[in-house]
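New notebook page. I want to go through this one slowly, item by item, and jot down what turns up.

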Amino acid sequence: MPRERWVEFATSRDERLRDELVTEHIDLARRLAHRFANRGEPYDDLVQVGSIALIKAVDRFDPDRGVEFTTYATGTVIGELKRHFRDKGWAVRAPRRIQELYLELGHTIDALSQELGRPPTVPELADSIGVSQDAILEAIEAGQGYRSSSIDAPGQRDETLADRLGSDDAGVAVVDERSVLAPALAALPERQQEVVRLRFVDGLTQSEIASRVGISQMHVSRLLAQSLARIRQNLAEGH
Amino acid sequence: MSDTVALSLPVRSDLLVLARITAATMAARADFDIEEIEDLRLAVDELCLSVVGGARSGTVRLEFTLDDATIAITCELDRRGEPDDGYVPAEPDDLSIRLIEALVDEHHRDAGTGGGRAWLSKRRSRVEH
């Protein structure tokens, strides 16, 4: 990725260039979302969270800071995915006591971050909630959906770590999809292309899209679901 | 003051939790903030994945060193004495490298005793206790 294009975008904020930069890196967001899959949250939601985070990263990236865009974007996307899991609660089987503590932890982290102007430490969290530091650590481990029990349940004997953690060469067939994503998008009906573009490239919410396109939010939701299913199918078939 | 904790585990994905708990516990004791601890937990997973990802046998040796405000973690796959099953240490996928890059301050890798070895370190951002 030539640095000049980032410098150009930083000054021009050109919409077309922004679209290009987002499209070229959307694969990174998708792969990161894939890393967090099978952890109790729908994959589509993760891709959506990751894509929006990528758009933010493109908008906020400062080419003068001496960091590669991919490094910067990875941090941003991971941060948003972590936050998503934290906000979302979880789908993890854990004792009720730990579940409740985990939910309380989420609120307390937000509140203390506000108050302190930085993320809190474990002793500070333990103090504030009135439990031991070990309980906080236990809740983090048990509760963070992105490393949920399904990941850590005893595996089959010949299963490798790569199989389990959903690395790129395991599980879902993953090729470098950057080159095939564009045609997959192009294969969608026009209305769906537009909705997908507004959602993932422009980062609009479903309601915003609904009012812009003049359809209901439910309809937007259906179109998005259909589009993603279709894209996945096209990718799977190698179109 | 410097503390070192060592773990020696069979290659099994369900034991990875021990690596995360060890890292999180040491970092919490050293007053890392909760975001840094979450990053460290993710980085430990990726570090192990990048070293032992495709292995079906061997011993994973982990060493955690806490030195003031920096935690360093080494993960090595020891396959000495294992029957030759044709295993070749794989190049870590670039996503693992990107993740580690984004989550910690420093990292590098080498062959270790032949099975592959990777190292990372993360500094606590806050200076004051």
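Where in chain A is R13(A) found? I looked, and R13(A) sits in the loop between α1 and α2 of chain A. Helices here (H or I, at least four residues) are DSSP runs, numbered from the N terminus, and strands (E, at least two) are picked the same way.

Ground rules before I go on. The model is predicted, so local features need pLDDT of at least 70 and side-chain atom pairs count only at pLDDT 80 or more, while totals for chains, interfaces and linings use all residues. Residues are numbered from 1 along each chain as its sequence is written, chains are lettered from A and ligands numbered from 1 in the order in which they are written, and side-chain values use heavy atoms, with hydrogens and water left out.

I checked its phi and found a positive value of about 50°, although R13(A) is not a glycine. Its relative accessible area is 38%, so I put it down as partly exposed. My scale for that: buried is under 20% relative accessible area, exposed is over 50%, and partly exposed is in between (1.4 Å probe, protein chains only).

R13(A) also lies over the face of F9(A), 4.5 Å from the ring centre. For a charge to sit over a ring, NZ of Lys or CZ of Arg has to be within 6 Å of the ring centre and within 35 degrees of the ring normal.

Chain B has such a case too: D31(B) has a positive phi of about 70° and is not a glycine. I found D31(B) in the loop between α1 (16-29) and α2 of chain B. At 13% relative accessibility, D31(B) counts as buried.

**Entry: salt bridges**

I picked R16(A) and E20(A) to start, whose side chains meet at 2.7 Å, N to O. They are 4 residues apart in helix α2 (residues 15-35) of chain A, which means about one helical turn between them. R16(A) is exposed at 55% relative accessibility, and E20(A) is partly exposed at 30%.

Then I went to the pair between chains. E35(B) and K82(A) form a salt bridge of 3.4 Å, N to O. E35(B) is in helix α2 (residues 34-52) of chain B and K82(A) in helix α4 (residues 69-88) of chain A, so this pair joins two chains. E35(B) is partly exposed at 24%, whereas K82(A) is buried at 5%.

K82(A) has another partner: its side chain meets that of D39(B) at 2.5 Å, N to O. D39(B) lies in helix α2 of chain B, so this pair joins two chains as well. D39(B) is buried, with a relative accessible area of 15%.

I also noted a network: salt bridges that share partners join R5(A), D14(A), R16(A), E20(A) and E24(A).

**Entry: rings**

The count is 4 aromatic pairs over all chains. Rings of Phe, Tyr and Trp (its six-membered ring) pair if their centres lie within 6.5 Å; planes under 30 degrees apart are stacked, over 60 edge-to-face, and the rest tilted.

W6(A) and F61(A) are edge-to-face, 5.1 Å centre to centre with 75° between the planes. This links distant parts of the chain: W6(A) is in helix α1 (residues 3-12) of chain A, F61(A) in the loop between α3 (43-60) and α4, 55 residues apart. Both W6(A) and F61(A) are buried.

Why is the pair of W6(A) and F69(A) stacked? Their ring centres are 4.3 Å apart and their planes are at 25°, so the pair counts as stacked. F69(A) lies in helix α4 of chain A, so the pair ties together parts 63 residues apart in sequence. W6(A) is at 3% relative accessibility, and F69(A) is buried at 4%. I wrote down the cluster too: ring pairs link W6(A), F61(A), F69(A) and Y72(A).

**Entry: a pocket**

Last stop was the second largest pocket, with a volume of about 280 Å³. Its lining includes K82(A), E35(B) and D39(B). α4(A) gives the most to the lining, with 6 residues. By class I noted 3 nonpolar, 2 polar and 6 charged residues. Ala, Val, Leu, Ile, Met, Phe, Trp, Tyr, Cys and Pro count as nonpolar, Asp, Glu, Lys and Arg as charged, and the others, Gly among them, as polar.

For the record, a pocket is an open set of points on a 1 Å grid over the protein atoms alone, where a 1.4 Å probe fits, with protein on both sides within 12 Å along at least five of seven lines; lining residues have an atom within 4 Å of a point. The volume is the space filled by probe spheres set on the points, which are joined across faces, edges and corners.

Methods. Salt bridge = Lys/Arg side-chain N within 4 Å of Asp/Glu carboxyl O.
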